[in-house]
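Dear colleague,

I am handing over the structure below, followed by an account of what was found in it. Please read the notes with the model open beside you.

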Amino acid sequence: MSLNEDCLINYLQKPDELAYTTEILKLNNKLIEREFIKSKISGKIKLEFIK
């Protein structure tokens, strides 16, 4: 089960915790976005290390 499904089930069981669940989803989405951007950018940049 994904984090989004867990959050939806949590909301349906405890609707008072909507703000908490929403924050978890926002953080999860930021992590996914960060990884996506990092993978797209790092593939285009070549770094050379000087020894």
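Aspartate 6 counts as partly exposed, because its relative accessibility is 38%, and this residue has its place in helix H1. Please bear in mind, here and in what follows, that the model is a predicted one.

As for the overall make-up, the protein has two helices and zero strands. Of its 51 residues, 8% are buried, while the accessible surface amounts to about 5100 Å², with 61% of that surface belonging to carbon and sulfur atoms.

Part of the surface forms a nonpolar patch of about 390 Å², made by Leu8, Tyr11, Leu12 and Leu18. Helix H1, which covers residues 3–13, supplies the largest share of this patch, namely three residues, whereas leucine 18 lies in helix H2. With a relative accessibility of 42%, leucine 18 counts as partly exposed.

Turning to charged side chains, the structure holds one salt bridge, in which the side chains of lysine 26 and glutamate 23 meet at 3.5 Å, taken from N to O. Side chains of opposite charge can pair when their charged atoms come close. Both lysine 26 and glutamate 23 belong to helix H2, which spans residues 18–42, and they sit three residues apart, or about one turn of the helix. How exposed are the two partners? Lysine 26 is partly exposed, with a relative accessible area of 46%, and glutamate 23 is likewise partly exposed, its relative accessible area being 42%.

Once its neighbours within four places in sequence are left aside, asparagine 28 is in contact with Leu3 and Asn4.

With best regards

Terms used. Residues numbered from 1 in each chain as written. Predicted model: local features only at pLDDT ≥ 70, side-chain atom pairs only at ≥ 80, totals over all residues. Heavy atoms only, no water. Salt bridge = Lys/Arg side-chain N within 4 Å of Asp/Glu carboxyl O. Helix = DSSP H or I, 4+ residues; strand = E, 2+ residues; numbered from the N terminus. Buried < 20%, exposed > 50% of the residue type's maximum accessible area, 1.4 Å probe, protein only. Contact = heavy atoms within 4.5 Å. Patch = residues over 30% accessible without salt bridge, like charges linked within 9 Å, V, L, I, M, F, W, Y side chains within 5 Å. Areas by Shrake-Rupley, 256 points an atom, 1.4 Å probe, with all protein chains shown as cover.
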